[in-house]
Amino acid sequence: MRIEELNQESEMLNPGHNACPGCGAALAVRYLTRALGPNLAIVLTASCWSIIAGMPPLTALKCPILHCPFPSAGSVGSGVRRGLNAKGQHDTTVVVLAGDGGTFDIGLQALSGAAQRNEDYLFVCYDNEAYMNTGMQTSSATPFGARTNTAPYPLFKEGQKKDIMQIMAAHGIPYAATATVAFPEDMEKKLKKAQEIRGFRFMHILSPCPPGWGTDSSDTIHLSRLAVNTGFFPLYEIVNGVSWKMTCQPEGKRTPLKEYLQNQRRFKQMEDIRIEALQEEVDHDWEALLEKIEATKCSD
Amino acid sequence: MLPDITTQKPVYAYGTESSAVNKTGEWRFLTPERVPGLSPCRQGCLLDGEVPAWLEAVKREQWEEAWQIMSRNNPFPALTGYTCFHPCTENCNRSELDSGIDIPSVEKAIGLWRLDQYKPGRHRDLLKDEIAVIGSGPAGLSCAYYLNRAGYRVTVYEKSDQIGGMLTLGIPEYRLPRSILNKELNLLKEEGVEFVTGCEIGQDLSLDDLYEKYSEVFLAPGAWKSRKAGIPGEESRGVWNALDFLSEFNSGRQPEVTDPVIVIGGGNAAIDSARSALRMNGINHVTLVYRRSRAEMPAYQPEVEAAENEGVELIFNALPGKIETVDGKISGAEFNYSKTNRQGLAVDKTSSFHKSCGTLIMALGQEQDSSIFSSLEKDVSFYAGGDLVTGPATVSEAIRAGRIAAEAMIARLENLPEPELCLPLEDPVSFEDLYLEASVNLDIKDQQEMPEKEASRCLGCGTCNSCGICYLFCPDMAIDIVDGRYELNMDYCKGCGICYRECPSRALVLKGGK
Amino acid sequence: MAYELMSGSQAAAVAVQRVGVDLVAAYPITPQTAIVETLANFEGRGELGGEFVSVESEYAALACSYGAAAAGARVFTATASHGLAYMHEMIHWCSGARVPIVMVNVNRTIGAPWSLDPDQGDSLSQRDTGWMQIYCSGAQEVLDTVMQAFLLSEELLLPCMVVFDGFYISHTYEAVDVPDLEKARAFIGPPTFAAQVQPEKPANIHALITGDMQADLVRSRHKTMLRAPAVFKEINQRFAETFGRSYGVIDSVMPPGTKRVIFAAGATAETVRWTLPELEETGMVQLRMFRPFPREDICNLFEAHDIEQVVVVDRNCSTGMGGILAQELQAAIYGMEKPPAVKDLILAGGIDLTPDMLIRAMTETASVDKVEQKWGVDLR
């Protein structure tokens, strides 16, 4: 992708949508729809985007959006794909769009069922790491140590962030990848690659949320970049559940996690001992990822 | 059979109208705005040129736009591309990354485009005033260009039989190709400027005469009086002053020069003389002697290096004490060593060396000749610019002077407020100020052949250079692409500040309010 | 007529195969498993006409059906009891979404504690979700009703539940006249309802709306459903012309001199029919279409015969209120000039109704004065 090649005609996101200023999810869906459109149908479950999609008679996207209940994303997507096929519309790309809640928690069963059946669509989880639409409550995607409105200071999120990519890998799906908004070229490449593959595909997109994370609305891209550069959110892909590959790696040493945490109010009163614990966890996961990548390197 | 219910519209919630009716710009309490900071190239430019702006236009291949921006401050980019010493390039922030932008090459490209493709036609308006310009050097030509563009009827008076001043007579072909210069001069004529050659003001015509006939007069006769060394033998045959030598050489006439050649001086005229002499038939050895050190040479260092590479011998901290002649023609000179000290220059008369030569060229600088004013009897205030005012300086500075004078004259004639002269006093945007995390236009490393590609390496440094990062990262679709430029759409901008934060050039500020 | 011996569940599956669906997404649960297995068999033999997919839960089954229906496909699923309860959110969603879906629910008690016996409480407790509901009392009826349900649902764009008792109907065998495949396919025709998901006409479908807009939609849904009896009658007219059988939204047997009516739905209605000759001055009404509740048909019938008393057989109990059919009937006859007295015979938990029990119940409830609840447990 070259910026000068971008043109407004290919954009599928309408202006005037009501996402918060600086919303990472708005940007993620902008990139997603632009890369995969225009013959695109989106299945959308309860999440911030349910609201960003707009209130009828308005719509924020230039493709059909089918809303569905919270736990049902994976299943409704299966139905839409099969229904479109029955109607002869095999060329329409089906994307199931869910937040972290609708993927990691209440939506996990449907995700797992669909993945196991190798349903032929792309499941995109845009992850703002909590139930942001309902006011920033903890989800299993919330990072360790963060404060939320259901874990307010002196409480904090106790478990580690659920490793959804490993779960997807365990299902042996053809393609799973992480992406984030500060690396649009990387994201677009993965989306287009996913579009060409048949079977169940999964994308995990880190989408910073200024009100939920307690950051300035202008910091969205900066934080997204830091998340990658600290190794907190590595950019990689998994093919067929067995072959790992890093797609975008920070040059030189990883930035210390503290730099990522310090500008977010949700980590503001994080005790040093917990910052260290999280740093260790990130370091450990990073090493494990590198090992997997090394071990599954293809000769081609 | 009951009526076909399937044709009746089902009643469920759906929306097909674009959310664009919702003007989210109402949400803002901070507004991004492009407020240009001072780019270091601009800071260095002798012409007040808006360098990043015309680079950006070239990047978008908008040559006419680039020319419009360029010609606001510099009507002769083809000429300055060759002759200017380009302090802009020395300041370029990109040199801290891979290599600085080759600004001269893009400047030349614009100039050549202008010469080959852009024919605006004559501007001369019979209803507008007539103005006289004295001197057809860069200052005069520039003043003439701007006045003519505004419709005024300009006549340029030139003492010699060729127009161009230093451009023609002072600067050699290898520095400024004749074909380019001639094209430029002819274009001026085509656009309506009239030239009278072989007419010296103060001799053939008086200033008073001019003030009778013309509404305004711009004096730019330059500084042509060559300084003398004041040593015996200076009037001998074979001793040239640099200006005369260069005039002869540049006119195509072969000045009488014998090998070996010694050039005295450390300025650009000295280097020009040395390099020109070396190009002449029969000249194999040229020595340049300067009374101070290399670092103190006023000449443009790349020129000095070029001279050295071409084989010119450089001797520093020496000056001629005596010229030796045989039959009235120079045969050599005696030199003493010198040293810069607190009092100025100390000459060691005790140490000396001898060098023989066939030709000696004195390049000790020029002085203004104020005799032009002696012919003025009326009590008038006048416009003047170029070397006449500053003493020997550069082509670029002269062009600037001509433009400023033209703007002032136009303001006076049309009763407009006087134009502002200075750039605001602020620190230029440094390399550390830039935000290069997004790494977008950094993938093209090192200088490129194609001007569009080279121009695309410019980082903007305080001005928008249409890199598109703001467009890329805007979550609210509040940036429109208009002719390759990225316009902020205030109907939808929520003031999140991402564009401000991510702009590599630091061209945006966030202001309070809507 | 081509008669085959089959169970109620098999009849439902055969009906689906006769209709020709695009997708069956299903999850097994006793006593519905034979339906999904029979359909899987059809798919295995290439006779289903569409896809069969085993999903990971009942919720997923209905969610998948919703997605496919929104894309314009004809879908079918089946469940019972806990499965139906699990789907509850989706059941609401589908009717609000105005997608045609046919779902069979085989009645079974919802725990705790575990129980497999039939209780209509599972489907009846979904009565407020905006689905049409039709109750069947035998395998033939099941087959015919499932076929008709597709037409009904696709014409009104409201989902339709076809309900029958677990074990009594699902697992007992009858001789069923199976319609000829081509004739059936021709009768039903391909799905022609408009898809909601159309990439050429992008829309933001079933998104958040205001209370005002919602009120309009609810009213529209309600009014549409009230057209169901008329549409159903028209379908049955055509069904009779093609296949020789037809059904009403209620079916009644009113011998001359009828003063009392026994009101039942499902398998118990069959028992009532059998027992009727042994009862005096008694007629019966089999309630088939439960949603929309056929208020007009029932009131007209009661008025025409000047009915004094109705005994409602309720194979369910809404704890704290009583039998659901009795409540519904009481609400329906409110406003009649001379509304009959309503007695409620509650058979909750799936206990069998024998003719003997019925006769005793009718004797014990003969007095007209009081509205009375009678428990089947007391009659055993």
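1. In this predicted model, C:Gly20 takes a positive phi of about 85°, and this residue sits just after helix H1 of chain C.

2. Is H1(C) mostly covered or mostly exposed? It is mostly covered, with twelve of its twelve residues buried. Among them are C:Gly8, C:Ser9, C:Gln10 and C:Arg18, along with C:Val14, C:Val16 and C:Val19.

3. Turning to the neighbours of chain C, 38 of its residues are in contact with 39 residues of chain A. Strand E2 (23–26), strand E3 (51–54), helix H3 (58–70), helix H5 (88–97) and strand E9 of chain C each supply at least two residues of this side, and the largest share, ten residues, comes from H3(C). By class, the side of chain C that touches chain A has 25 nonpolar, nine polar and four charged residues.

4. The contact between chain C and chain B takes 19 residues from chain C and ten residues from chain B. On the chain C side, helix H7 (139–156), strand E9 (204–205), helix H9 (211–225) and helix H10 (228–243) each supply at least two residues, and the residues of that side divide into twelve nonpolar, four polar and three charged.

5. Which strands pair with E9(C) across the chain boundaries? Strand E1 of chain B, residues 14–15, pairs with E9(C) in the antiparallel sense over two bridges, and there B:Gly15 stands opposite C:Asn204. Strand E3 of chain A, residues 65–68, pairs with E9(C) in the parallel sense, also over two bridges, with A:Leu66 opposite C:Ile205.

6. Chain C also holds an open sheet of six strands in the order E10-E12-E11-E14-E15-E16, with mixed pairing. Its edge strands are E10 (250–253) and E16 (372–375), each of which pairs on one side only, and the twist averages 20° from one strand to the next.

Technical notes
Residues numbered from 1 in each chain as written. Chains lettered and ligands numbered in written order. Predicted model: local features only at pLDDT ≥ 70, side-chain atom pairs only at ≥ 80, totals over all residues. Contact = placed C-beta atoms within 7 Å. Helix = DSSP H or I, 4+ residues; strand = E, 2+ residues; numbered from the N terminus. Nonpolar A, V, L, I, M, F, W, Y, C, P; charged D, E, K, R; others polar. Pairing = 2+ DSSP bridges. Buried ≥ 20, exposed ≤ 12 C-beta atoms within 10 Å, placed from the backbone. Axes fitted to C-alpha atoms, helices over the stretch in contact; angles between N-to-C directions.
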